[in-house]
Amino acid sequence: MEITKKDFGSDFTWGVSQSAFQTEGSVFADGKSESIWDVFSAKKGAIKTGENALNCCEFYKDFKPDVLLSQHLGFKNFGHSLAWTRILPNGIGSVNTKGLDYYNRLIDFQLENNITPWLTIYHWDLPQILEDKGGWANREILNWFGEYTDVVTKAFGDRVKNWKVINEPSAFCGFGYMTGEHAPGKKSIFKYLAAAHHANLCQGIAGRIAQKNVKDGHVGTSFATFHIEPKNQNFFHREATERIDATINRMFIEPIVGLGYPYKEFPAMRMIEKYIKNDDEKLIQHDFDFVGIQYYCRLIGKFSLFPPVAFANEVPAKERNVPMNNMGFEIFPEGLYHVLKRYAAYPKIKKLLVTENGVCLDDLLGNEQVNDPIRIQFYKDYLAQLLRAKNEGVPIEGFFCWTLTDNFEWWEGFKARFGLVYVDHQTQKRTIKNSGLWFKTFLNS
Ligand code: BGC
């Protein structure tokens with residue numbers, strides 16, 4: 001049976017999500033300083049396609065058309081992240097009023113058009129000046145991030161009630177400090193462990209600051225979540241899969257909800273203890289108003305001699321003859337159901353929202369149209385699994401598409417098109433894809 005908007009209930013939140021670095025461009029405008037992504041993406045070979053994000057979707061130059069597009073499609077909630085470097089160009093200290101003005105204009109325009117703003121405090125674009133002092137691997141980040149959170153929640157909290165503290169700590173710590181595929185391009189297990197622990201602490205710290213500063217606030221944080229299964233029931237593959245699960249899922253949510261790090265399944269994770277201080281357990285724990293689930297795919301785990309320490313790796317989707325997006329992520333709707341059930345079962349979870357979900361395809365523009373039936377089916381299937389969980393009592397109260405417009409997909413450049421709206425990055429012309437039109441009909445039903 002076809003899903004309808006009504007099935008989700010009248011209070012269900014429908015929105016689109018995007019981030020500052022991936023859409024704004026204007027990386028040197030109005031007193032903004034360089035972020036780690038500005039520096040990293042300018043390095044030869046860092047971005048697979050050799051592209052840069054200097055212009056992106058020009059969301060800094062003019063955000064109005066995209067806000068109006070989201071309204072036109074029927075999305076009443078708009079998630080965007082703040083660029084730390086626009087607001088505090090030195091990372092801490094003096095505030096750049098032009099940066100604040102920009103976000104004030106965006107927020108006011110959204111509200112004037114009956115769009116509810118959702119702000120993410122950190123979506124991976126650390127000021128380079130702070131990275132030069134060690135970035136997330138330096139425990140000082142607790143103070144830096146606390147100060148930044150205090151500034152932005154005080155500046156915008158009168159009008160913005162919905163806050164997401166951090167976007168996917170596992171992703172920026174793992175890719176940024178361990179594998180080096182993302183900014184700042186570091187490859188050190190120790191830096192990674194320090195960064196991960198500090199990111200966990202910052203979630204708790206910033207969660208409390210935001211709840212204090214924002215009257216009637218609705219403050220959450222978000223995790224990259226994976227449904228994960230072993231290659232087969234072989235003991236070594238099962239144990240290896242538990243270690244992957246401990247690293248990419250559990251290590252981030254479990255300390256927040258008071259369960260600590262999952263050492264039992266991955267004893268080598270005890271190396272993180274080097275970075276833990278006396279009161280950290282308490283500092284990390286926090287009762288968020290919501291937890292943001294960002295789900296894209298299933299992973300299949302196996303025992304492997306590489307990488308050492310984990311002795312575990314994934315069996316890539318392309319070796320498994322399964323449907324994939326154009327970045328090689330498996331398309332696996334049922335995983336969303338499992339992930340929602342699993343996260344809802346953690347202690348003290350008040351509510352879940354899917355704060356990101358979507359698919360990148362090789363979209364082609366022809367006759368002013370983009371025909372993307374795979375994306376339409378993708379959303380129908382993932383939403384059906386969300387509904388299945390909801391109907392079984394999971395407190396899942398919203399869904400945000402990733403993303404509104406095709407944007408800069410980190411080290412994949414512009415090739416990975418996730419948008420409901422096609423963007424010609426040369427001319428900046430927007431064309432609503434058929435999936436966008438499908439949502440328009442769905443949301444107006
Ligand atoms: C990130 C987005 C990214 C998306 C698709 C998420 O992990 O938060 O910034 O574009 O995945 O890869």
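Predicted model: local features only at pLDDT ≥ 70, side-chain atom pairs only at ≥ 80, totals over all residues.
The residues that line the largest cavity divide into five nonpolar, seven polar and two charged. The cavity has a volume of about 100 Å³. In total, 14 residues line the space. Closest to the centre are Ser17, Gly79, Trp118, Thr120 and Lys164. Find those residues and you have found the middle of the cavity.

Next, look at the elements around that space. Strand E3 (116-122), strand E4 (162-167) and strand E8 (352-356) each give two or more residues to the lining. E3 gives the most, with three residues. How many cavities of 30 Å³ or more are there? The count comes to three.

For the largest cavity, the classes were five nonpolar, seven polar and two charged.

The cysteines come next. A disulfide is a covalent bond between the sulfur atoms of two cysteines. How many disulfides does the structure hold? It holds zero. Take Cys173 as one case. Its nearest cysteine sulfur is that of Cys202, 9.6 Å away. Is Cys173 buried or exposed? Its relative accessibility is 0%, so Cys173 counts as buried.

Cys401 is a second case. The nearest cysteine sulfur to it belongs to Cys360, at 14 Å. Cys401, too, is in no disulfide. Cys401 counts as buried because its relative accessibility is 0%.

The backbone has some points to visit as well. Most residues other than glycine have a negative phi, and most peptide bonds are trans. Begin with the peptide bonds. Ala183 and Pro184 are joined by a cis peptide bond, with omega about 5 degrees. Where does Pro184 lie? Look in the loop between helix H8 (169-178) and helix H9 (189-213). Another cis bond runs from Trp402 to Thr403, and its omega is near 20 degrees. Thr403 lies in the loop between strand E9 (396-401) and strand E10 (421-423).

Stay in that loop for the next stop. Trp410 is also placed between E9 and E10. Its phi is positive, near 45 degrees, and the residue is not a glycine. Is Trp410 buried or exposed? Trp410 has a relative accessible area of 3%, so it is buried.

Asn367 is the last stop. This residue sits in the loop between E8 and helix H13 (373-391). Asn367 is a residue other than glycine with a positive phi, near 50 degrees. Its relative accessible area is 76%, so Asn367 is exposed.

Terms used. Residues numbered from 1 in each chain as written. Heavy atoms only, no water. 1 Å grid on protein atoms, 1.4 Å probe; cavity = no way out; pocket = protein on both sides within 12 Å on 5 of 7 lines; lining within 4 Å. Points joined across faces, edges and corners; volume = space filled by probe spheres on them. Helix = DSSP H or I, 4+ residues; strand = E, 2+ residues; numbered from the N terminus. Nonpolar A, V, L, I, M, F, W, Y, C, P; charged D, E, K, R; others polar. Disulfide = S-S within 2.5 Å. Buried < 20%, exposed > 50% of the residue type's maximum accessible area, 1.4 Å probe, protein only.
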